Amino acid sequence: MKNKRITKKVTKAKLLRIIKRRDTQSLLAIQEDQFDWEVLKQFGYEYKTLLEWIVSMGYVFKQEENLKRVVNDRGQTVAHVMAKNGYKFDPDKDADIIRLADNERWTVAHEMANKGYKFDPDRHREILLLANSRGNTVAHVMAKEGYLFDPDRHGEICELKDKKGYSVLERFIWGNDYAILSGHKDQDFMRLSIKGIEKYMQTAKKINIGRGKYTGMDVYKHLKKILNIKKKVDKLPGELEKELGSLGLK
């Protein structure tokens, strides 16, 4: 009977050398089964665990059993750490993985949205409805990070509220007030219907942003300019760029 092959584990000292030298080539040459998970949970440099370091350097875990491993006392998994570092799981192929939740029910999908990933509101509605223990849905996070939901097409999602009573639309206004007022969202708003723009205006008017020098009324007034342009453009197709330029909007 042949002896079972014993895989030699990578030591903490070797990982620290790889991290210090930013030796990506040596890191990527390591097989998943060579890692000692008790070692990976230990801290390396700058208050980051060795796992966080190697993932930030581009190491991708592929085995499902590893992706589901809980790696800290918050209940976060390897998949959470990967998503936090910008890895994009496929919402269709990796459906089970992106639904993994920590102790606060913060899912891998939340983490992806927090890094700017945009789930399709039509195809991935169930993912957008996932909520953590505070009632923050993946849709709330997407809105905070700049995704403009269409009230006409996705009204139910727009009206989702967290446990403090804040809707997805309110999260968008709060998280993107500067981007809105600087004109970076004008084209996105122009793609909405008149009623859709008005819905965002109503939301902005009733909230107090309470941060910096901007207020909900500032956002409301800017959206009103966009609404006026929209009304003109709807009557005069092809005049969009001209109208935007005349008001200095982008």
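The buried residues of helix α1 pack against α2 (24-28), α3 (37-40) and α4 (50-56). Before I go on, this is a predicted model: local features need pLDDT of at least 70, side-chain atom pairs count only at pLDDT 80 or more, and totals for chains, interfaces and linings use all residues. Residues are numbered from 1 along each chain as its sequence is written, and side-chain values use heavy atoms, with hydrogens and water left out.

Now the terms. Buried is under 20% relative accessible area, exposed is over 50%, and partly exposed is in between, with a 1.4 Å probe and protein chains only. Contact means heavy atoms within 4.5 Å. Helices are DSSP runs of H or I, at least four residues, and strands are runs of E, at least two, numbered from the N terminus.

Back to α1, residues 12-21, where Leu15, Ile18 and Ile19 are buried. They sit on the same side of α1 because they cover an arc of only 95 degrees around the axis, taken from the directions from the helix axis to the C-beta atoms. On the other side of α1, Lys20 and Arg21 are exposed.

Next, α12, residues 168-175. Here 6 of the 8 residues are buried, so the helix is largely enclosed by the rest of the structure. Those buried residues are Val168, Leu169, Glu170, Phe172, Ile173 and Trp174.

Last, His110, in helix α8, residues 108-114. Is His110 buried or exposed? His110 counts as buried, at 0% relative accessibility. Setting aside neighbours within four places in sequence, His110 contacts Arg105, Leu130, Ala131, Asn132, Asn136, Thr137, Val138 and Val141.
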